[in-house]
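Morning, everyone. Today I want to talk about aromatic rings. Let me put the structure up.

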Amino acid sequence: MNVYEKVVAELKSKSDAEYKKFNDKITKTEYETIGVRMPEIKRVAKSVDKAEIEEYLEKCEFRYFEDTLIYGLLLPRLGLDEFWKRKDEFLTKCDSWSHIDCFVSELKPKASEKEKLYSLLTEGIDSLDGFALRFRIVALMNFYVGGDRTEEILRIVERLDGRGFYNDMAIAWLLQVALVKRREETLVFMQNNSLSRFTQNKAISKMQDSFRIGEDDKIYLKTLRK
């Protein structure tokens with residue numbers, strides 16, 4: 001068996017029927033699912049030797065939700081430059097928010113790469129939509145919201161509002177994280193922006209649900225609903 005076939009066999013050995021039934025309801029994918037819990041998927045991905053990554057990428061058949069996700073989980077191990085060149089090979093195969101969010105979580109940019117990655121993420125972002133855009137919004141949230149570029153990022157995502165449900169939900173999530181990490185700038189933004197009613201109100205709902213946001217702020221945020 002080649003490495004792809006070995007990975008699929010291992011995934012099938014870890015299938016959980018009850019979890020599959022639950023996960024199929026929330027993952028919203030057109031791929032067939034095997035029904036493997038995320039920690040197990042990540043363990044299988046990590047078991048692929050670095051010398052075997054190229055073989056997996058070449059042989060991957062994108063038959064299942066899980067084998068497609070593992071393709072994405074392996075890409076960051078190639079290093080930033082190679083990852084960036086090849087990310088679209090994965091993004092064009094994504095059909096679920098879960099593909100994107102788990103993929104981004106595997107990125108581990110070095111401190112010396114942070115400036116370069118920011119430039120890559122923001123360059124051409126206004127021309128994107130679909131899951132290619134969600135990838136960039138979630139990556140900006142994960143690696144840069146809370147830092148000195150927070151206010152700039154808030155204005156970037158303001159421009160991106162209205163490009164589909166999963167992107168608007170990612171913007172709402174980013175705003176909730178921003179309020180936790182950079183309260184003053186985010187409150188000013190929430191008071192004065194051009195976000196749609198849907199995205200503004202979803203962001204406020206997420207903020208209301210956060211245990212890291214104070215009750216006084218939650219009361220005030222209710223007044224900012226559109």
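How many aromatic pairs does the structure hold? There are 14 aromatic pairs. Keep in mind that this is a predicted model.

A pair of aromatic rings is described by the distance of the centres and the angle of the planes.

Start with F90 and F103. Their rings form a tilted pair. The centres are 4.6 Å apart, and the planes sit at 50 degrees. This pair links distant parts of the chain. F90 is in helix α6, residues 80-91. F103 is in helix α7, residues 97-105.

Buried or exposed? Take F90. F90 counts as buried because its relative accessibility is 0%, and the cut-off is under 20%. F103 also has 0% relative accessibility, so F103 is buried as well.

Now stay on F103. F103 also pairs with F135, and that pair is tilted too. Here we have 5.5 Å centre to centre and 40 degrees between the planes. F135 lies in helix α9, residues 130-143, and F103 in helix α7, so this pair ties together parts 32 residues apart in sequence. F135 is buried, at 0% relative accessible area.

Which residues make up the cluster? F83, W84, F90, F103 and F135 form one aromatic cluster.

Last, the lysines. K87 lies over the face of W84, one of the cluster residues. The distance to the ring centre is 4.0 Å. K114 lies over the face of Y144, at 5.8 Å from the ring centre.

That's my part. Questions, please.

Methods: Residues are numbered from 1 along each chain as its sequence is written. This is a predicted model: local features need pLDDT of at least 70, side-chain atom pairs count only at pLDDT 80 or more; totals for chains, interfaces and linings use all residues. Side-chain values use heavy atoms; hydrogens and water are left out. Rings of Phe, Tyr and Trp (its six-membered ring) pair if their centres lie within 6.5 Å; planes under 30 degrees apart count as stacked, over 60 as edge-to-face and the rest as tilted. Helices (H or I, at least four residues) and strands (E, at least two) are DSSP runs, numbered from the N terminus. Buried means under 20% relative accessible area, exposed over 50%, partly exposed in between (1.4 Å probe, protein chains only). A charge sits over a ring if NZ of Lys or CZ of Arg is within 6 Å of the ring centre and within 35 degrees of the ring normal.
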